[in-house]
Structures are given as C-alpha cells and as structure tokens.
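Hello,

Here is the structure we spoke about, with my notes below it. Please read them against the model and tell me where you disagree.

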Amino acid sequence: MEVKKPVIKSIPYAEFKDNETLEKTIQELHEGGVNVIVGSLDEAINWGRSNSLWSLTFATSCCGIEFMAVGCARYDFARFGFEVTRNSPRQADLIMCAGTITHKMAPVFKRLYDQMAEPKYVVAVGGCAISGGPFKSSYHVVRGINEIVPVDVYVPGCPPRPEAILYGMMQLQRKVKIEKFFGGVNHKEKKPIIVDGNDVDEEKLKQASAALNDVDASVSK
C-alpha cells in the first residue's frame, strides 16, 4: 500500500522546509509494505490524533510566555486542534518543554516523560531547551533536553516567535500522520548524548556535584 503524503491545509507540502527527513521516516516506518486494512485504520486514527494533540506544558522561563501568546486570540492555535493543555502526564500526548532545564529539574522532567502513555512526543522550544542557550557553559544547566529524552521537534529561537511554535507543532502533526499506530514501534529510544570539550571549571563542577549529593542525602533521610 502506498503511503500518502501528510497534508496540512494551512501550508502546501512544498513549502515545508524539511520534507527529506519526513520522507526518510516514511520509508523506515513502512518498509515491506502496509496491509490495506491496517493502513487505512492507521490513516484514520492518526488523522484524529494529529488534530487533537494534548500538551503537558513544562514552561520554566521566558519561552513559556511565547507559548501563552500562541494560545491567545491573536494567534489562536485552537484552529489546529492542539489548544488543550493538561496538568497530568497521564492525560497528555506530548511535552512542550519551553525554557531552561537545570540539573535539579531534569529528574522531574524525565519522570513526567516516563509517566506518559505511548505514543508520546517531545517538543523543545527555544535555545535553552535545545542546547542550553546562553547558559550552556554553566555548571547547572542541561545542554539540551535530548540528553534526557528523545526529542521529536526543535523550535529554535530566543525566544521563538509564536509563528515558529505553530510551524513546529504543524511539523509534529505531519510526523503523527505517517506513523504506524498498529503493530509497530514508532519511537527509537536514543542513548544520552555526551558532550565533549566541556569548558566549565572542573573543580567548580565537582563542588557543585558534591553539594547536590549532600542535598539529596539530607532529603532522603
């Protein structure tokens, strides 16, 4: 069965910037062909899922304000079907990580991701979530949330404009529309990325790690 190109009416297929990656994903997910009945069910279910994405917001800094702006009347992302935000990971389809993630926040972020049901997605909004942003040389900031969880869509900017967030969410819709809902694993768990060439003072980093361990030990008692 031939897989149709995912269509989002707001933007023609040719105007998306990263069609090559999408085509490669289609080939990987549908190697060996797709059963007609299962393929039709996949297409119908994924159409519904892509137009009703419920986000677990994890806004920690200024990018969270941009996410709020997208939900207001000027941009109104309810038009696309992903305006519903939840406070429970058990009711969410994706984590919208908007802002800086420190090493102290990282275990909580990972726990929330693990509590979400499959299929689940992660959108990294802003330079801090993607690479650490202006704090990447700091001892206490995670250099990109892809070191903790697999990321599906990156929305660059500091902070990104609301149009960029809309575009990133539309890219996620395209990914959802081509997936196998039945009989296939969509996500490939990635190993944590180890960043070499750390320019942080190693002595300060050791002191900070020891201080965090002391805090954890006192809390566990």
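Predicted model: local features only at pLDDT ≥ 70, side-chain atom pairs only at ≥ 80, totals over all residues.

Asp-152 has a relative accessibility of 17%, under the 20% limit, and therefore counts as buried. Asp-152 belongs to the loop between α5 (127–131) and β5 (153–155), while Lys-175 belongs to helix α6 (residues 162–177), so the bridge ties together parts 23 residues apart in sequence. Lys-175 is partly exposed, at 26% relative accessibility.

There are three salt bridges by the rule used. Another joins Lys-110 and Asp-114, at 2.9 Å from N to O. These two residues are four apart in helix α4 (residues 106–115), which puts about one helical turn between Lys-110 and Asp-114. An α-helix has 3.6 residues a turn, so residues three or four places apart point the same way. Lys-110 is partly exposed at 30% relative accessibility, and Asp-114 is partly exposed at 44%. The remaining bridge is between Glu-163 and Arg-161, whose closest N and O atoms are 3.0 Å apart. Glu-163 is partly exposed, with a relative accessible area of 38%, and Arg-161 is partly exposed at 49%.

Now the overall layout. The protein has seven helices and five strands, in the order α-α-β-α-β-β-α-β-α-β-α-α along the sequence. It has 221 residues, of which 40% count as buried. Of the contacts between residues at least 6 apart in sequence, 79% join residues at least 24 apart.

Next, the rings. The count of aromatic pairs is three. In one of them, Phe-16 and Tyr-167, the ring centres are 5.6 Å apart and the planes are at 35 degrees, so the pair is tilted. Phe-16 lies in the segment before α1 (19–29) and Tyr-167 in helix α6, so this pair ties together parts 151 residues apart in sequence. Phe-16 is buried, at 4% relative accessibility, whereas Tyr-167 is partly exposed, at 24%. Phe-58 and Phe-109 form another pair, with centres 5.1 Å apart and planes at 65 degrees, so this one is edge-to-face. It also links distant parts of the chain, with Phe-58 in strand β1 (residues 55–59) and Phe-109 in helix α4, 51 residues apart. Both Phe-58 and Phe-109 are buried.

The charged end of Arg-174 sits over the ring of Phe-16, 3.9 Å from the ring centre. The charged end of Lys-120 sits over the ring of Tyr-113, at 4.2 Å from its centre.

That leaves the interior. In soluble globular proteins, nonpolar side chains tend to be buried together. Here the largest nonpolar core has 24 residues, and the members that touch the most others are Leu-94, Met-96, Val-123, Val-125, Met-169 and Leu-172. At least two residues of this core come from each of α3 (63–71), β3 (94–98), β4 (121–125), β5 and α6. Which element gives the largest share of this core? It is α6, with six residues. Leaving aside residues up to four places away in sequence, Leu-172 touches Leu-53, Leu-94, Tyr-121, Val-123, Asp-152 and Val-153. A second, separate core has 19 residues, among them Leu-56, Phe-109, Val-122 and Ile-148. Phe-109 is also the residue that pairs with Phe-58.

Regards

Note on methods. Residues numbered from 1 in each chain as written. Heavy atoms only, no water. Salt bridge = Lys/Arg side-chain N within 4 Å of Asp/Glu carboxyl O. Buried < 20%, exposed > 50% of the residue type's maximum accessible area, 1.4 Å probe, protein only. Phe/Tyr/Trp six-rings, centres within 6.5 Å; stacked < 30°, edge-to-face > 60°. Lys NZ or Arg CZ within 6 Å of the ring centre and 35° of its normal. Core = buried A, V, L, I, M, F, W, Y, C linked by side-chain atoms within 4.5 Å. Contact = heavy atoms within 4.5 Å.
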